[in-house]
2 protein chains.
Amino acid sequence: MRLRSTIDFLLYDWLQAEGLSRRRRFADHSRDTFDAVMDTCERIAREKYAPFNRTVDLQEPQFDGEKVILPQCTYDARRAYAESGMLSAAQDYAMGGMQLPYTVEAAANCFFAAASISIGSNMLTSGNANAIMAHGTERQKQVFAANEFNGRWAGTMCLSEPQAGSSLSDIATRAEPDGADFASDALGPRYRLKGNKMWISAGDHELTENIVHLVLAKIPGPDGKPVPGVKGISLFIVPKKLVDAEGRLTGERNDVALAGLNHKLGWRGTTNTLLNFGEGKYPVRAASGAIGYLVGKPGEGLKCMFHMMNEARISIGMAASMLGMAGYHASLEYAQSRPQGRPIQGAPGGGGKDANQPQSRIIEHADVKRMLLAQKAYCEGALALNLFCARLVDEQHTGSEQEAAEARLLLEVLTPIAKSWPSEFCLEANSLAIQIHGGYGYTRDFPVEQYWRDNRLNMIHEGTHGIQALDLLGRKVVMEGGKGLQLLAARINATVQKALQHEKLACHANQLARALADVGSATKAAWATGNPQEALANAVPYMQAFGHVVLAWIWLDVALALLAKDDELAIAAHRGGMAAMRYFFHYELPRIGAWLQVVKARDMTCALLEEEAF
Amino acid sequence: MRLRSTIDFLLYDWLQAEGLSRRRRFADHSRDTFDAVMDTCERIAREKYAPFNRTVDLQEPQFDGEKVILPQCTYDARRAYAESGMLSAAQDYAMGGMQLPYTVEAAANCFFAAASISIGSNMLTSGNANAIMAHGTERQKQVFAANEFNGRWAGTMCLSEPQAGSSLSDIATRAEPDGADFASDALGPRYRLKGNKMWISAGDHELTENIVHLVLAKIPGPDGKPVPGVKGISLFIVPKKLVDAEGRLTGERNDVALAGLNHKLGWRGTTNTLLNFGEGKYPVRAASGAIGYLVGKPGEGLKCMFHMMNEARISIGMAASMLGMAGYHASLEYAQSRPQGRPIQGAPGGGGKDANQPQSRIIEHADVKRMLLAQKAYCEGALALNLFCARLVDEQHTGSEQEAAEARLLLEVLTPIAKSWPSEFCLEANSLAIQIHGGYGYTRDFPVEQYWRDNRLNMIHEGTHGIQALDLLGRKVVMEGGKGLQLLAARINATVQKALQHEKLACHANQLARALADVGSATKAAWATGNPQEALANAVPYMQAFGHVVLAWIWLDVALALLAKDDELAIAAHRGGMAAMRYFFHYELPRIGAWLQVVKARDMTCALLEEEAF
């Protein structure tokens, strides 16, 4: 099934997204308007993204000492995306937005991710502007967010520093009040920032008139020292070029200097930078430090920045899913056209092949089918999970009080999976896509090696695999007395009950029920001693097992939707979905045994090994 | 433990390689001479290989239309390797060789593979010359093999064609007798070859005075058509530059033309080429076709070429293991020096970290230790397996009649694992090495991303994963009435019996015995219907499970050697080895359940899915 059909089925038949238009916020919408947005995005992705995916891989961003040089296609893709209105798709009409449900926005963005994940970095601009919308002053919204939504400016997220990646409490960038009148600036309390930020995507470029950096920094306490830990962190708007209270460029460059570009394994279309704030390269207004405007309250920087964390992590999960999907479709096409070898015949050991027969296409070989079905099960399952989470975001924002409360809880538990699972298993899918291509897949003449390289980032950025696992087992499944996990279990059981009614699904339903019980008892066993060192020693295997159970649930639920549509859906597409579901239950779900075993045993083989023994 | 100590322990303490010097062929050798060879290789690898591994990745081979351009370091590395005598390490003294056991040769070559897998392609030259030694005439040995061993010339293996990769029976390169006197050429029966060869490593370069291509081609039958299938394939020596019967260049270029270079994901130091034979670019001696000399008998080309297949596949397994090992050591060093985050404290959900404490080094985090121990278990285990197989090659060549017969049988069964298992799991190790580095691992400033890219080739070349799996389940475990599998089982049971005597190993021994029985019953169940389509539908999961059982056995056997040396070996190294063994039994061996389940069920979910359903 092609991407659009897959998305249509998941969105409308499975997630009933059309029903969102009955809500007040989305009242002007209908399936027609949703489809029109998706048509536009699909077209732009096809015309402005897909043809240039290899170009941006080969023509990496370069820094000539003054400016970042990017290929023309990146400018064209950026312009087309901005003109589509997608930067502000979810915003109020008053902000120039479309008031589109997040579910549909996420679905429409799939086409760009599948066509070229790295040519655009618009997600960052939207995320930046969204954070300002949530925590900024009216003026900050009108000056900064509005100009990001309309495409004039771009945005970044400046969290990490060379010495502080996963450990944000250790950031050392300082922000000090800028003069006696610092508190009365129209753009917000004005500070001077000094520090170095690392891994800043789209941190410098000439794609837009200005760049709005959102920067985490510490305001010194009364003793002049930064407050230790995350409580000392505040959030600042630091524009690359200074602007007045109406958002006009003043002609002054702010002291934000590009210190260097990172040369990456993949995802090369997006500039990744080391930025120096306030080092004096561009001195401004006779004092030192880059000028920044406080957003929200001092000390609440992390909270403000992470306001959109669920959406950000869903975006990463979606990126990973779409890279996987792109590889799946490429390898499917290759398998359908490449002749090689012949079907196996004959008896054990003596199995012969008739060399007089013409060669088969490789899709006729069982192992190639296995590798294709695995990719389908991974990538369509991951897409379904992330669309489901996107739907929860809409529930949280526009559902009834109870729907919103449940959606929030479910998102707490599911977001680590929505981000980590596709990062790991759709990467594996990309490896299978290479394998299907054989030697050709190992060359840059085919796209699959690039998908694999691009996808490797997703287990690292926006919280590494290890961080997601600690979040899941250390916080999410135990928070509020385990309410999130209980709610998820109730949802899974509801699917199980429905599936038990279907002859074709009953045994899978039972298998899922057992797997869920297994995760439950592993969770208890992990925490049985109450000692986090023991509980969390195997947090990653726990997350892998948890993720597989979630995906099995998603597939079973999708299968129910497939069965409900039995007579309408094309027979082949129906069979494909059911086969992917069965693949997941036969080949994948049984893997949880090995993962959970070490969790239940609180196995300390790794955790207790002394350093010298490695 | 550093690579040399690991190899020393496996070679001398575990495999008793010193004992080989009691055999007549190796009588001049001793641990001292073995060590001297390894010292030399370790030094050359350190000086001429390791510093240039990134150079050859960045300065890919280029073709200027006439010549292939390679960086200077590749010339220097090639010269140093040739001067070390390693090209002919295993050859008779009479051929200028060292009569070194293959076990020691393989161990010594590890250092090059770990330092820079792609800067050298000497394995191909040795393999080529070895095939000529086994099947060529005396003159062919003296002219071609000898000049490869002494470093003057290099060699290639020309099997694949653009339309025939895994399916060699479909090669279309033709060889026709060259004139009436074709049979009386001093260099062997002379033919004219026409065809295209793909994926030819080191297929053209200026590193050596000449290149000796070993080419598979078909001699037309009496009807003028090539004989279908592999029976029609013959083997030819096709030199790039023509030589006389004494091995002197005649000054004539043979009609072998470089049609293009492949641009690869990794392994970039080795030129990979598309070669045209006899297309007329370099017409020679007023007739068309490239001149080639038949090796062995007509129709026995594949047999001659695959004479060294076990060694070739062990080399690939070793390459994969060493790439994994290089990543392990790089990530260990990084983990020991990089501060980030703090240990977990406190209670479930509320686990806090004291921000006033200095950061920990990341090796202090449990999940980093897990990723390190996984790498150690994968890579040292894979190295041990491949050294074990190398030892079997020596048994086969120099052991008693019974030892040789058993070694041959064991190699038949183990070679697909020795090649495939490291290709898959040491690639996974490389991914873990990237993960430990976080964002830094995703940049080209650290070596781990290159190891991962380089390693991805190993599941493809020298027989893909799918081909290895068909070989294992379709041929090797059923051949000769299952004798190979029975013999392997007997060896595994012998280890189990010994391990049962040790308190520390008894439960692992029982676990291994159960796993072995599980593989046995899965083998039977797969073939229960006698239908190869059903038996082989899940050949790859079978191979994965089989591989894990073999590796568990290897680790248990290594643990016995560790315990035997309890008082001598450094305590930390001892603990590390035992922990890696336990890791393998706790975290890895239980995975076989999921793999074998589909094999036993002869699950046809993938194999029977119609093409349109994908």
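Reply: Happy to! A salt bridge here is a side-chain nitrogen of Lys or Arg within 4 Å of a carboxyl oxygen of Asp or Glu. By that rule, chain B and chain A share 8 salt bridges. This is a predicted model, where local features need pLDDT of at least 70, side-chain atom pairs count only at pLDDT 80 or more, and totals for chains, interfaces and linings use all residues. Residues are numbered from 1 along each chain as its sequence is written, chains are lettered from A in the order in which they are written, and side-chain values use heavy atoms, with hydrogens and water left out.

Now to the contact itself (heavy atoms within 4.5 Å): chain A gives 104 residues and chain B gives 104 residues.

One of the charged pairs is Arg342(B) with Asp170(A), a salt bridge at 2.5 Å from N to O. Another salt bridge pairs Arg444(B) with Glu60(A), whose closest N and O atoms are 2.7 Å apart. Arg444(B) sits in the loop between helix 11 (401-437) and helix 12 (448-455) of chain B, and Glu60(A) in the loop between helix 3 (53-58) and strand 1 (62-63) of chain A, so this pair joins two chains. Helices (H or I, at least four residues) and strands (E, at least two) are DSSP runs, numbered from the N terminus. Arg444(B) and Glu60(A) are both buried, meaning under 20% relative accessible area (1.4 Å probe, protein chains only).

Terms used. Buried means under 20% relative accessible area, exposed over 50%, partly exposed in between (1.4 Å probe, protein chains only).
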